[in-house]
Amino acid sequence: MIVHIYSDGACLGNPGFGGWGAILRAGGREKELSGAAADTTNNRMELTAVICALSALKRPSQVIVATDSTYVKDGAEKWLRSWRRNGFRTSGKKPVKNQDLWLRLDELLQAHQVKWEWIKGHAGHPYNERADALAARAAGELKESLKESPVE
């Protein structure tokens, strides 16, 4: 059985309050996941969405990850292998941004057979729109909850 993952990240400001959303589909079943972080970036949320979705899988699986993030797709398909070989340094010898998340994603990719699919964002794809809504809602809820909290 193939697991389809639709993922998205959102940020209210970049950096700012961020949210991520993912939908897992397999065998006629669906599961929605989402979360948020303060003082983060859109790219971190895009990566976190995929990481959390892959982490939710209970056994090695065939997976198709659909994302509107070329950063995540290209990073996983094109750059990760050379980053690993170069000690997570770019071709310009600088440390790879979001290295902690790329290391975690690399570890998860070893456990699954993953194919990547790029989807144009905000173009009406129903699962991408749902993942985007989950991410935006999570970011907004975090921002509101911190705004309402008394500061000590």
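## Strand pairing around β4

β4 and strand β5 (residues 113–118) run parallel and are joined by six bridges; strands count as paired if DSSP finds at least two bridges between them. Within this pair, Ala66 sits opposite Glu117 of β5. Helices here are DSSP runs of H or I with at least four residues, strands are E runs of at least two, and both are numbered from the N terminus.

β4 also runs parallel to β1, again with six bridges. Here Ser7 has Thr67 in β4 as its bridge partner. β4 is mostly covered, with five of its six residues buried (buried means under 20% relative accessible area, exposed over 50%, partly exposed in between, with a 1.4 Å probe and protein chains only).

## Where this comes from

It's a predicted model, so local features need pLDDT of at least 70 and side-chain atom pairs count only at pLDDT 80 or more, while totals for chains, interfaces and linings use all residues. Residues are numbered from 1 along each chain as its sequence is written, and side-chain values use heavy atoms, with hydrogens and water left out.

## The nonpolar cores

A nonpolar core is a set of buried Ala, Val, Leu, Ile, Met, Phe, Trp, Tyr and Cys residues joined through side-chain atoms within 4.5 Å. The largest one holds 29 residues, and Ile5, Leu54, Trp102 and Leu105 have the most contacts inside it. At least two residues each come from β1 (2–13), β2 (16–26), α1 (42–55), β4 (62–67), α2 (70–85) and α3 (99–111).

Leaving out residues up to four places away in sequence, Leu105 touches Leu47, Val50, Ile51 and Leu54 (contact means heavy atoms within 4.5 Å). Another core, of six residues, lies apart from the largest one and includes Tyr6, Ile23, Ile119 and Leu134.
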